[in-house]
Amino acid sequence: MKFILDFFPILLFFGAYKMADIYTATAVLMGATVLQTAIIYKMDGKLQTMHKITLVLVLGFGALTLGLHDERFIKWKPTLLYSGLAIALAVAHWLLKKNFLHMLLGTQLQLPHAVWNRLNLSWMLYCVFMAAINAYVAHYFSTEAWVNFKLWGYAFPLVFIVSQGIYISRYLPKDEGDQK
């Protein structure tokens, strides 16, 4: 259910774009993100910082896109989001000497300190990569190509997250029932 909920706004955005245009798709994305956020809040009783940031960026850049009738704003939103995440992770790690991933997930995952640091670095690099690739596609390709990239580009996070899971699986404690 949560997996479908994560992709709900982008799928509706893609469908609205194919049936109408980027401005209709932007309005649909804004509404779907508000609905997604409300559902997450109802399910969990709270919102994570990432949900709040995403909501503010979608509504802000969506409003600029619609109000100024300029598609560049919605196309550059992912670049800003990923850049902000990379900077936040880097500042926390190197200046504040904190690991946000460990702070967020440390109660659910018991991993060695060095593994947390490698995960943090890999997320920083991933965010820089995603910001750069979105900026490149948004700048050098048509809106049609960018929208298609947004849909099919979800392969990047899926591959990244699966690879992260495979990487950390060797550091997770073995279940007593699995040793038979």
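## The largest nonpolar core

The largest nonpolar core has 27 residues, and those touching the most other members are Phe-13, Ile-22, Tyr-82, Tyr-126, Trp-146 and Val-147. A nonpolar core here is a set of buried Ala, Val, Leu, Ile, Met, Phe, Trp, Tyr and Cys residues joined through side-chain atoms within 4.5 Å. Buried means under 20% relative accessible area, exposed over 50%, and partly exposed in between, with a 1.4 Å probe and protein chains only. At least two residues of this core come from each of helix H1 (2-19), helix H2 (22-44), helix H4 (72-95), helix H6 (113-140) and helix H7 (143-152). H6 provides the largest share, 7 residues. Domain 1 (1-68) and domain 2 (71-170) each contribute at least three residues to this core.

Apart from this core lies another, of 7 residues, including Leu-111, Val-115, Trp-116 and Ile-168. Leaving aside residues up to four places away in sequence, Phe-13 touches Ile-22, Ala-25, Thr-26, Val-28, Leu-29, Trp-146 and Val-147; contact means heavy atoms within 4.5 Å.

## Basis of the model

The model is predicted: local features need pLDDT of at least 70 and side-chain atom pairs count only at pLDDT 80 or more, while totals for chains, interfaces and linings use all residues. Residues are numbered from 1 along each chain as its sequence is written, and side-chain values use heavy atoms, with hydrogens and water left out.

The protein is divided into domain 1 and domain 2, with bounds that come from an automatic or database domain assignment. Their C-alpha centres lie 19 Å apart. Domain 1 brings 22 residues to the contact and domain 2 brings 16 residues. The area buried between them is about 1,800 Å², with 83% given by carbon and sulfur atoms; buried area is the accessible area (1.4 Å probe) that two parts lose on being put together, summed over both.

Across this interface there is 1 salt bridge, defined as a side-chain nitrogen of Lys or Arg within 4 Å of a carboxyl oxygen of Asp or Glu. Lys-18 and Glu-144 form a salt bridge through their side chains, at 2.5 Å from N to O. On the side of domain 1 that touches domain 2, H1, H2 and helix H3 (49-68) each supply at least two residues. H3 gives the most to that side, with 10 residues.

## Overall fold

The protein has 8 helices and 0 strands; these are DSSP runs numbered from the N terminus, helices being H or I of at least four residues and strands E of at least two. Of the 180 residues, 39% are buried.
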